[in-house]
Amino acid sequence: MRTRLRKINTALPGLLLGIILFGILCQVLVFFLVEDKTGYSIGLWVGVFTAVFMAFHMAVTLNTAVERDVKGAQASATRQNIFRYFIVVVILGILMLTEVGNPLAAFAGVMGLKVSAYMQPLFARLSHRGA
């Protein structure tokens, strides 16, 4: 599985690991502090899975962008970036309208992508030490 992910993008396995670890950390640390535990958990994991989708989508977008000329790559990357954030807005909107899960917890889950991206150099160093 890790080999398949590395074929898409070499940073993808570490990025996904970081997103999942961030979700677990948020689940454990905040779970006992909220009243609506079910809504919090659903929102958080919807956000985490959204972040996983975004990571895959970014990896595929980068792969297709490097095969284009500069102008085409910029236009394609911009379109795909807008698409990703549109999906996030739609998912958060659905959570707000249906009240199935907490949209703030979902936003925290989506932010796992950012946290994981910033932690990526640390994950890379740790994985090279173990290998």
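This is a short chat about a predicted model of a protein chain.

Trainee: What am I looking at, and how many helices and strands are there?
Mentor: The protein chain has 5 helices and 0 strands. Helices (H or I, at least four residues) and strands (E, at least two) are DSSP runs, numbered from the N terminus. Residues are numbered from 1 along each chain as its sequence is written. The model is predicted, so local features need pLDDT of at least 70 and side-chain atom pairs pLDDT 80 or more, while totals for chains, interfaces and linings use all residues; side-chain values use heavy atoms, without hydrogens and water.

Trainee: How much of the chain is buried?
Mentor: Of the 131 residues, 35% are buried. Buried means under 20% relative accessible area, exposed over 50%, partly exposed in between (1.4 Å probe, protein chains only).

Trainee: Which aromatic pairs turn up?
Mentor: A search of the whole structure gives 2. Phe 31 and Phe 32 form an edge-to-face pair, 5.3 Å centre to centre with 85° between the planes. Trp 45 and Phe 49 form a tilted one, at 6.3 Å and 50°.

Trainee: What counts as a pair?
Mentor: Rings of Phe, Tyr and Trp (its six-membered ring) pair if their centres lie within 6.5 Å. Planes under 30 degrees apart are stacked, over 60 edge-to-face, and the rest tilted.

Trainee: What sits over the ring of Phe 31?
Mentor: The charged end of Lys 37, 5.2 Å from the ring centre. The rule asks for NZ of Lys or CZ of Arg within 6 Å of the ring centre and within 35 degrees of the ring normal.

Trainee: Back to Trp 45 and Phe 49. Where do they lie?
Mentor: Both are in helix H3, residues 37-65. They are 4 residues apart, about one turn of the helix. Trp 45 is partly exposed at 22%, and Phe 49 is exposed at 55%.

Trainee: How do H3 and H4 cross?
Mentor: H4 covers residues 70-98. The axes of H3 and H4 come within 10 Å and cross at roughly 170°. That makes H3 roughly antiparallel to H4.

Trainee: How are the axes and angles defined?
Mentor: Axes are lines fitted to C-alpha atoms, for helices over the stretch in contact, and angles run from 0 to 180 degrees between N-to-C directions. Under 35 degrees is roughly parallel, over 145 roughly antiparallel, 65 to 115 roughly perpendicular, and the rest oblique.

Trainee: Which residues meet there?
Mentor: On H3, they include Val 46, Phe 53 and Thr 61. On H4, Ala 77, Phe 83 and Leu 95 are among them. The contact divides into 13 nonpolar, 4 polar and 1 charged. Here Ala, Val, Leu, Ile, Met, Phe, Trp, Tyr, Cys and Pro count as nonpolar, Asp, Glu, Lys and Arg as charged, and the others, Gly among them, as polar.

Trainee: What does Thr 61 touch?
Mentor: Leaving aside neighbours within four places in sequence, Thr 61 is in contact (heavy atoms within 4.5 Å) with Ala 77, Gln 80 and Arg 84. Thr 61 is buried, at 7%.

Trainee: New topic. What is the phi of Glu 99?
Mentor: Positive, about 55°, although Glu 99 is not a glycine. Most residues other than glycine have a negative phi. Glu 99 is in the loop between H4 and H5, and is exposed at 69%.
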